[in-house]
Amino acid sequence: MIMNDTVDYNISETEPGSRVKPAFLRYHEIPPKEDDEFITKQQTKFLTKPKKYTFSKKVDAFLVEVYKVYKFFTLFFKESFRSPFHLRELINQCYEVGLKSLPLITLTGFIVGIVFTKQSRPSLEEFGAQSWLPSLMGIAIIKALGPLVTALICAGKVSSGIGAELGSMKVTEQIDAMEVSAVNPFKYLVITRVWATTLIIPVLVFYCSFVALLGSSINVNTNDSTSFLSFYQNAFLRISFIDFSESVFKSIIYGFTIGFVGCFKGYNADQGTRGVGKAANQAVVLAMFLVFIEEIMTVQIFNWFRAF
Amino acid sequence: MEKLKHHVINRDEPVISIKNLYKSFDNLHVLKGVDFVLHEGENVAVLGKSGTGKSVLIKIIVGLLKPDNGEVFALGKQVDKLSRKELDQLRLQIGFSFQSSALYDGMNIYQNLAFPLVMNRMGLSKKEIGVAVENIADAVGLKSKLKQMPSDLSGGQRKRIGIARTLILNPKIMLYDEPTAGLDPITSSEIIKLINDVQHQFNTSSIIITHDLTCAKNTSDRIAMLYEGRFVKVGTFQDVFDDDNQVLKDFYNYNFTQE
């Protein structure tokens with residue numbers, strides 16, 4: 001039935017012999033209007049039935065979410081290596097993630113270095129082992145504190161920022177606007193951001209470790225009259241190649257997680273402005289949770305390597 | 001209000017053809033067997049209350065939503081059967097003006113207008129893109145606003161830029177989603193004039209989703225009244241509102257008593 005000028009499509013005029021009144025029209029949100037009293041059998045076939053849950057509403061929702069993550073993950077790798085590549089946007093995002101996080105990373109790293117040194121000194125002094133302080137700081141900062149502190153700061157700053165930005169783009173139809181302009185929003189928004197965090201967070205991790213060691217060295221130099229050169233020699237004395245690799249590996253994983261979680265939550269935001277806040281909040285919480293899980297796993301995996 | 005409707009309609013050439021279209025969201029049955037044809041050079045206003053599926057209909061046409069059942073043809077191609085690449089090719093020929101304008105917050109007006117050209121890599125130089133942006137901004141009367149951010153513009157100006165951003169790709173079909181919603185009568189009349197100007201300058205065929213009868217009357221060749229997921233009446237403004245159907249009478253009376 002194709003529409004022409006002045007044709008009346010009043011449904012009550014079609015095929016009187018095949019009409020049935022479906023139950024859901026009587027009980028669901030569509031009020032039974034005069035036109036809806038009768039509806040053809042063919043039409044009822046395409047109207048979906050009331051939803052039944054496989055397990056329960058919450059379990060089903062969780063499983064759907066897991067499936068969405070899987071789809072998002074596979075789409076990310078599928079689209080990452082297909083043209084067009086938005087290099088300019090990738091560089092822009094590297095700037096947004098990297099350079100704009102520097103002041104916070106600098107401040108936090110420096111304070112962590114000083115505070116951890118101050119906290120560790122009394123315990124080492126008890127055993128007359130304060131000369132081990134530079135080595136302790138080197139191991140602690142390069143293997144654990146640098147990556148973890150950077151990842152937690154970026155989870156709070158970057159992941160929430162991405163979640164809120166993409167979430168607001170989603171609810172204000174900016175993502176749909178890209179789609180109808182024949183631009184793939186997933187490639188332009190998601191792939192560039194996830195690669196930017198994956199590439200830049202390892203750099204930030206080493207920058208944070210450097211600043212934390214600087215803070216620590218200033219504290220040690222002031223209190224113990226240890227020279228800077230001596231501090232750094234001792235700090236790196238106990239750092240092996242595998243420790244360094246662990247740090248690099250961890251920071252790449254953290255970077256990917258932070259970008260991915262922020263993009264996933266933002267890209268799938270709904271419920272208007274409330275959804276934007278929810279996406280940003282969930283991005284932080286989930287990214288931090290996953291960072292801790294990944295920390296435990298990488299430590300365990302690299303300890304196995306060390307045992308060989 | 002200045003009326004500019006002298007459209008040359010080619011009734012042999014449907015640019016959009018919809019057959020038996022169904023769409024539901026969980027238990028909410030939005031479209032229940034919609035049939036529709038848009039001819040070349042024609043403007044059709046789709047009227048209906050909020051939540052009747054007007055926006056869903058044009059989102060299906062442009063491939064933003066998938067139909068549950070039915071066929072949607074745009075420029076001779078079945079929209080839901082196209083690959084991503086084919087769909088993108090089709091989208092270059094369909095302009096979509098969003099209710100919220102959907103301007104990119106992080107870009108200024110120039111970047112917003114240039115975005116579709118830059119991203120679709122049409123082989124244009126920076127200078128050519130600049131000229132295209134200036135021309136299209138001039139066509140909507142906002143050439144002086146190119147350096148401003150979307151947040152600096154009024155609602156009407158944002159709508160104009162939203163329309164200009166779709167026109168920059170020179171589309172054959174324009175889909176307007178509530179172009180006058182939330183605007184004062186003067187700005188509404190400016191948008192109505194712009195829709196008619198677009199039709200004349202760019203020779204587009206358009207679907208205008210609205211619940212504003214003034215807009216529908218002054219922009220469209222035909223009116224299609226969507227009610228409870230189906231078109232209850234399609235015809236000229238006079239035909240539709242001379243009908244005895246109570247739904248149409250209520251809609252007409254409500255609109256004009258509100259104004």
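# A tour of salt bridges, rings and a surface patch

Start by selecting K23(B) and D68(B), whose side chains form a salt bridge with the closest N and O atoms 3.9 Å apart. K23(B) is in strand β1 (residues 10–25) of chain B and D68(B) is in the loop between α1 (54–61) and β4 (69–74) of chain B, so the pair ties together parts that are 45 residues apart in sequence. A salt bridge here is a side-chain nitrogen of Lys or Arg within 4 Å of a carboxyl oxygen of Asp or Glu. Helices (H or I, at least four residues) and strands (E, at least two) are DSSP runs, numbered from the N terminus.

The model is predicted: local features need pLDDT of at least 70, side-chain atom pairs count only at pLDDT 80 or more, and totals for chains, interfaces and linings use all residues. Residues are numbered from 1 along each chain as its sequence is written, chains are lettered from A and ligands numbered from 1 in the order in which they are written, and side-chain values use heavy atoms, with hydrogens and water left out.

Is K23(B) buried or exposed? K23(B) is buried, with a relative accessible area of 10%, whereas D68(B) is partly exposed at 35%. Buried means under 20% relative accessible area, exposed over 50%, and partly exposed in between (1.4 Å probe, protein chains only).

Next, select R160(B) and E190(B), which meet in a salt bridge of 3.7 Å, N to O. This pair links helix α5 (residues 155–167) of chain B, which holds R160(B), to helix α6 (residues 185–202) of chain B, which holds E190(B); the two residues are 30 apart. R160(B) is buried at 15% relative accessible area, and E190(B) is partly exposed at 36%.

Now show both chains and select R91(B) and E179(A), a salt bridge with its closest N and O atoms 3.2 Å apart. The pair crosses between chains, from helix α2 (residues 84–91) of chain B to helix α7 (residues 174–180) of chain A. Both R91(B) and E179(A) are buried.

In chain A, select K143(A), D243(A), E246(A), K250(A), E295(A) and R306(A), which salt bridges link into a network. Over all chains the count is 23 salt bridges.

**Rings**

There are 23 aromatic pairs over all chains. Rings of Phe, Tyr and Trp (its six-membered ring) pair if their centres lie within 6.5 Å; planes under 30 degrees apart count as stacked, over 60 as edge-to-face and the rest as tilted.

Select F77(A) and F256(A): this pair is stacked, with 6.0 Å centre to centre and 25° between the planes. F77(A) lies in helix α3 (residues 57–80) of chain A and F256(A) in helix α10 (residues 241–267) of chain A, so the pair joins parts that are 179 residues apart in sequence. F77(A) is partly exposed at 33% relative accessibility, while F256(A) is buried at 18%. Both belong to a cluster linked by ring pairs, whose members include F72(A), F186(A), W195(A) and Y267(A).

**Surface patch**

Finally, select L286(A), F289(A), I293(A), M297(A), I301(A), W304(A), F305(A) and F308(A), a nonpolar surface patch with about 890 Å² of accessible area together. Patches are made of residues with over 30% relative accessible area and no salt bridge: like charges are joined within 9 Å, nonpolar side chains (Val, Leu, Ile, Met, Phe, Trp, Tyr) within 5 Å. Accessible areas come from the Shrake-Rupley method with a 1.4 Å probe; for residues, only the protein chains shown count as cover.
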